[in-house]
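Dear colleague,

I am handing over the structure below, and I would be glad if you could look through it alongside the notes that follow.

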Amino acid sequence: MKQNILLQLHPMTKFYFTLFLFAIVLILPGYLFSFALFPVLLLIALFAGVLKEFLNIVLKALLSVLVIIFIMQMLFYPGENVLWGWGIFEIKQEGLLYGLLLTSRILAIGSAFILFFRITEVRDFVKSLEDIGLPPMGAYVVLSTLQIIPEMRRQANTIMEAQKTRGVETEGSVLVRAKAFIPTLTPLILSSIAGTEERAITLESRAFSAPVKKTSLHQLTKSNIDRALPIIFALIVIGLLVWRFFF
Amino acid sequence: MKRSFKDDFNMMAMLLIPIAVAVNLVGFQLANVLRLPIFLDTIGTIIVGVIAGPWVALLTGLITNLINGIFNPVYFPYALTSIAIGVGAGYLSKYGFFKSVPKTIISGIIITFIAVIVSAPITVFVFGGVTGNTSSLITAAFLASGQQLWSAVFSSSFITEIADKVVSVLIVFFIVKAMSDRYLSKMNYGHLYMKRNNKK
């Protein structure tokens, strides 16, 4: 992969940046700023070379939610000033404003988190959490979860195919389809938990739960930027809070 | 109390967490493939609650929503709901609520109440009442018929949750019943469900 200043930042720096956006979106009033933040995030994604995946996930995860929330607020938020009415449906000014505020915030915060996970490897993020005090066991659990999910998805498909050849029906009425659920899930769970014993033995044979400091093959380094940026973020948030509540 | 808290997190319990999280996701996917009208996305969390106790289930719920949130941040706030379901299932199991079918159904209803009470405020405060899933349509229908926002959100999520949770706990009941004594004996709450009668 190409060297990229953004991608090379310490995962914690990126995480603090996401929290920083989260804080300022909640502190600043009105929807204009939050909507303006989205193009900024797009630019960052473009610069980091993840624009396509970023947009894809934003569209898939957030767009329908935002549209539905916006319509609901427009129609049902209590208010006086009716802008437009049709039968029992009335669009009120208060609802329109609240809808804009809510959707702008959800868009800004949601896409900030999506961007964070596009520009940060989960492995690096977990390692950086471990560096600041997450127990190694916790780190192992999160990482092995990520590994096990695709594996179990494949296995579920295999089991379902096998049960189909045995004659378990997966088409038909709701009841028939529901009956296919248990013969798929039960073997999946029982065979997976049978494997945990072996994994426990493997981990213990490498002294995983020994009460000593663990060494890691995977190391993260902090540059000067990584030390300076969180302080700048914190100062801006404090400044905004002071401005918002005292002026 | 302090001791039992730490005891819950033994190696076998921790290794159950990844599987339980994957079961949550795979259960949801299977329900989708089979086009079932319910989600079935908390089966793993409830299993952990039943055999490994509330605290391990808390962690399972949290990790499930964090991992779902990587691809859809709407899941992040609902981590609280998953956590509450896990802790609830753990305590219900501690007091023997998963030992027979009728008791299991009762605990399903209790878990439904927990889920609704925790998730409704999130839906209202964070998303203004709807999140775009099936219960949103019901919420909209209630609102259009003149109900207040809170009661609309509560009743619509109750309607969608009750079937989901009662079916989920029944599935959990049968899966735990199918687990071997050998495995159950290694889990903290497993002795409650072993077939060989131990008079402890």
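Chain B and chain A bury about 4,700 Å² between them, of which 81% is on carbon and sulfur atoms; buried area here is the accessible area (1.4 Å probe) that two parts lose on being put together, summed over both. This is a predicted model, in which local features need pLDDT of at least 70 and side-chain atom pairs count only at pLDDT 80 or more, while totals for chains, interfaces and linings use all residues. Residues are numbered from 1 along each chain as its sequence is written, chains are lettered from A and ligands numbered from 1 in the order in which they are written, and side-chain values use heavy atoms, with hydrogens and water left out.

In terms of contact (heavy atoms within 4.5 Å), 49 residues of chain B meet 54 residues of chain A. Three salt bridges are found across this interface, a salt bridge being a side-chain nitrogen of Lys or Arg within 4 Å of a carboxyl oxygen of Asp or Glu; one of them joins the side chains of Glu171(A) and Arg35(B), at 3.5 Å from N to O. Among the elements that give two or more residues to the side of chain B that touches chain A are α2 (11-33), α6 (101-127) and α8 (149-178) of chain B, with helices taken as DSSP runs (H or I, at least four residues) numbered from the N terminus. The largest share of that side, 18 residues, comes from α2(B).

Finally, an unreviewed UniProt entry lists residues 12-31 of chain B among its transmembrane regions, and this span is 100% helix, with its end C-alpha atoms 28 Å apart.

Best wishes

Note on methods
UniProt positions are given in the numbering used here, feature names are shortened, and annotations may be inferred rather than shown by experiment.
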